[in-house]
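Thanks for coming, everyone. Let me put the structure up, and then I'll walk you through a few parts of it.

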Amino acid sequence: RGTMQVVVLFLVASLFAGSVEAGTEECDFCKFAVGAVIDTPYLFQSIEVLIDKVCNLLPSKAKATCTKTVSKLDSVWSLLHQGVEKERIYNDFTLCTMIDECTVDCCVSQTQPEQVHLSYIDDPHTSMGVTWVTQNKVPSIVEYVLDSTKISVNGTVSTYTNGGWNGWIHFVKIFGLQPGTRYKYRVGDGQFWSKYFSFATEPLLAPPQRVVKIANIADMGANMSESGANMESLKTLVKNQDVDFILHNGDIGYADGYQGQWDLFFREMEDVTANIPYMVNVGNHEIGVIGALGLPVGYIHRFQLPGAHSITDDLENLYYSWDYANVHFVSIDTESTIDTTSFTNEQTAWLEKDLAAVNRTKTPWVILYGHRPFYCTGPEECVYNRLMLAEAVKIINKYKVDLVFSGHRHNYERMWPIREDGTAVHTYTNPGAPAFILNGAGGNREGVQGFGGHQFPGSVVKISEFGYGILEIFNSTVLQYTYYQAGTTNVLDQIVLTVDH
């Protein structure tokens, strides 16, 4: 049986060899080779076997092309033998783009802008960052409307070709805006434009004069049934102007090295992200496995965020902080390029310096968000996290951080406030220690997770159900976090944290 399959594979490979004049032979050979391994993994236990059983049987020119292409599969070989069928975005084409043998176009149209998303880049009262993608290199223009007057702002355009990605990314920074103002805007090149969206700058009034509302998600995929309900909830919140911005703390779209997944995600999310600032940080599906394999990291090309360290080539030091209303937000990087929990010495020094400089009169609340949890109930990784994040725990306790958000575990878990020594404070009223909320239930192909394994004694509530969080800041002493069932307004959990700053 095995011999017969090899013969069949050889015949198919020969057919591919006949298409070399088409100019797509590398992509064709790669897809064929990857497909063969996926379909009959027991025949191809190594790249050498694949070359021997397929490439070496081809005519000389085709043999050389086949050997060169198949040899490049080394960086994704482990993915081919780690349950590819469970990772829905991995197939012969997507894996071949990841090693630059096939190309993937960014966009549906050759001319229309798409994937528009907003972010805070400086003072939220007076500035806004706008990002979008086009198929071709064209000028970057945001046109916004103020008192019936159209104002144009030019920006920059850049690209990256790793992962076979074909497209251009546009960044525009708008300054000199008026606080508390909603602007209608569109993006384009002067000839082809997006539809009109809108954004609002931060009002001068802060709590208690108004309530700040923030949506919180993590671990949310694209083009997946599991994330659809949460996406619809976010769209409704944004349409009704119910929230000020979104915090998405890691695992954004689940690209895992396939650049086309980023495009799918931002097309699906455009009605949300083009109308409200979308503040993110890095998760393991942006860095971990793909960093370990040396595959392309789209995250560092697709966002503009505040601070010199928010977007760099240093994949283990992607962090930043910023102020909104009476809150100082701190975004940390918990990732390594070998898909383990990490908190570098450089980031540790930065975090201490950042928190030491916080003006608690101006921003009495300090909220930190990262991807991997400081505390969780689950596998051995939960214990490992506590070890690797121990230095960060000392600092956030020293400077009295109020609240910490995380994700990574695909469930919802609320902890009591936790002291530096790991003991729980059984109150949310002046606890003297940071409270911890794990919300990694945005919806993704890996599904929800249970709570077997190591039990964390400081855990209060455990929910294995997709959902989203809403944080409300009422004043300088009281905030509320509510966890809602995905696609509904059914309350699954709620806490009130009171701190007399």
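One definition before we start: two strands pair if DSSP finds at least two bridges between them. With that in hand, look at β9 and strand β10, residues 197-200. They pair in the antiparallel sense over 4 bridges. There, R182 stands opposite A200 in β10.

Keep in mind that this is a predicted model. The mean pLDDT of the chain is 91. Of its residues, 93% reach 70 or more.

β9 has another partner, strand β4, residues 141-146. Those two run antiparallel, joined by 5 bridges. Here I141 has G188 of β9 as its bridge partner.

Next, a helix. α7 spans residues 225-239, which makes 15 residues. From first C-alpha to last, α7 reaches 22 Å, close to the 21 Å expected at 1.5 Å a residue. Which residues of α7 are buried? They are E226, S227, N230, M231, S233, L234, L237 and V238. They sit on the same side of α7, because they cover an arc of only 160° around the axis. As a general point, an α-helix has 3.6 residues a turn, so residues three or four places apart point the same way.

What covers that buried side? The cover includes strands β11 (212-217), β12 (220-221), β13 (245-249) and β23 (467-473), along with helix α8 (259-273). Turn to the face pointing away, and you find the exposed residues S225 and K239. After α7 comes Q241, with a positive phi near 55°.

Last stop, a sheet. How many strands form it? There are 7, in an open sheet ordered β16-β17-β18-β19-β21-β20-β22, with mixed pairing. The edges are β16 (320-324) and β22 (459-463), and each pairs on one side only. On average, neighbouring strands are turned by 15° against each other, direction ignored. Helix α11, residues 345-356, packs on this sheet. α11 touches β16, β17 (327-331) and β18 (365-369), and its direction makes about 175° with that of β17.

At the other end of the order, β20 (412-415) and β22 pair in the antiparallel sense over 4 bridges. One of the bridge pairs is E413 with K462 of β22.

How values were computed: Residues numbered from 1 in each chain as written. Predicted model: local features only at pLDDT ≥ 70, side-chain atom pairs only at ≥ 80, totals over all residues. Heavy atoms only, no water. pLDDT = per-residue confidence, 0-100. Axes fitted to C-alpha atoms, helices over the stretch in contact; angles between N-to-C directions. Contact = heavy atoms within 4.5 Å. Expected span 1.5 Å × (residues − 1). Buried < 20%, exposed > 50% of the residue type's maximum accessible area, 1.4 Å probe, protein only. Arc of directions from axis to C-beta.
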